[in-house]
Amino acid sequence: MLAIFHKSLSHPPQELYSSSSASASPEEILQGFLASQPDDSFSATFGRGAAIAFARPLRHFSIHQRLYCGLDDINCLFYGSLNNLSTLLRQYGLSKSTNEAMLVIEAYRTLRDRGPYPADQVIKDLNGSFAFIVYDDKAQTVFVALSSDGGIALYWGMAADGSVVITDELDVIKKGCGKSFAPFPPGCMFHSEGGLKSFEHPMNRLKAMPRVDSDGVICGANFKVDKYSKINSMPRVGSQANWTSW
């Protein structure tokens, strides 16, 4: 799966940028992804420089799924599996035929419409190995999360124009973003307005640690929970809360 969002839409962390090598344009990155599986992939582009692409899974057994779902201007790319899917479907009042991508859309919509739970608690309720990318075309917001168990890898980087590139394909991110990429931090979530946060440790700030390759060149940054740095105030919850403000 692949998602590309213009910097004015996603506001990616500047620590991902490295001047050590050139990145490709968003169009080149998208076309390269589609060319790798020309008969089994599709893409969709939206206003303000947003694009998503999805390729069918290769035909081999895996406990993890790659899914795409679009509903009411909300698009979700999902990779992984949820151990408690049945429980969550009952919690959200969804049918048994609902898959993980559709569930994530419903969870996101609950957050967007100011549901009674903070975002970190909603993501904590997802039990399993997962990575998902949500793009809300109507609200023009991006929401990304990666489970904390290490069972799924996700990467993000910056294209030549500063757009953020998010994918589970390491070769795609290396070819497209050069040195300007890093693994997406496990146990974290990213919102285009609220930034990057840990849903495992929501009261702790994240610290950017420069990544250095074998040649001593800085390659983006890893983000780690700073155990000694606390967020000053508790995020508001309730009908008047704006969940993107954390």
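Trainee: Which residues line the second largest cavity?
Mentor: Val-104, Ala-107, Tyr-108, Val-122, Ile-123, Leu-126, Phe-132 and Phe-143 line the second largest cavity. A cavity is a set of points on a 1 Å grid over the protein atoms alone where a 1.4 Å probe fits but cannot get out, and lining residues have an atom within 4 Å of a point.
Trainee: What kind of model is this?
Mentor: It is a predicted model, where local features need pLDDT of at least 70, side-chain atom pairs need 80 or more, and totals for chains, interfaces and linings use all residues. Numbering runs from 1 along each chain as its sequence is written, and side-chain values use heavy atoms, without hydrogens or water.
Trainee: Back to that cavity. Which helix gives the most to the lining?
Mentor: α4 does, with three residues. Both α4 (100-112) and α5 (119-124) supply at least two. Helices (H or I, at least four residues) and strands (E, at least two) are DSSP runs, numbered from the N terminus.
Trainee: Tyr-108 and Phe-143 are both on your list. How do their rings sit?
Mentor: There are ten aromatic pairs in the whole structure. In this one, the ring centres are 6.2 Å apart and the planes are at 35°, so the pair is tilted. Rings of Phe, Tyr and Trp (its six-membered ring) pair with centres within 6.5 Å; planes under 30 degrees apart are stacked, over 60 edge-to-face, the rest tilted.
Trainee: Which parts does the pair tie together?
Mentor: Tyr-108 lies in helix α4 and Phe-143 in strand β7 (residues 141-146), so the pair links parts 35 residues apart in sequence.
Trainee: Are Tyr-108 and Phe-143 buried or exposed?
Mentor: Both are buried. Buried means under 20% relative accessible area, exposed over 50%, partly exposed in between (1.4 Å probe, protein chains only).
Trainee: New topic. Where is Asp-120, and what does it touch?
Mentor: Asp-120 lies in helix α5. Asp-120 is buried too, at 11% relative accessible area. Leaving out residues up to four places away in sequence, Asp-120 touches Met-189, Phe-199 and Pro-202. Contact means heavy atoms within 4.5 Å.
Trainee: How far is Asp-120 from Ser-198?
Mentor: Their C-alpha atoms are separated by 7.6 Å, though they are 78 residues apart along the chain.
Trainee: Last one: α6. Which residues are buried there, and which are exposed on the other side?
Mentor: Val-172, Ile-173, Gly-176 and Cys-177 are buried in α6 (residues 170-177). Asp-171 and Lys-175 are exposed on the other side.
Trainee: What do the buried ones pack against?
Mentor: β1 (2-5), α2 (26-36), β8 (155-158), β9 (164-167) and β10 (181-183). Just after α6, Gly-178 takes a positive phi of about 60°.

Notes:
On a 1 Å grid over the protein atoms alone, a cavity is a set of points where a 1.4 Å probe fits but cannot get out, and a pocket is an open set with protein on both sides within 12 Å along at least five of seven lines; lining residues have an atom within 4 Å of a point.
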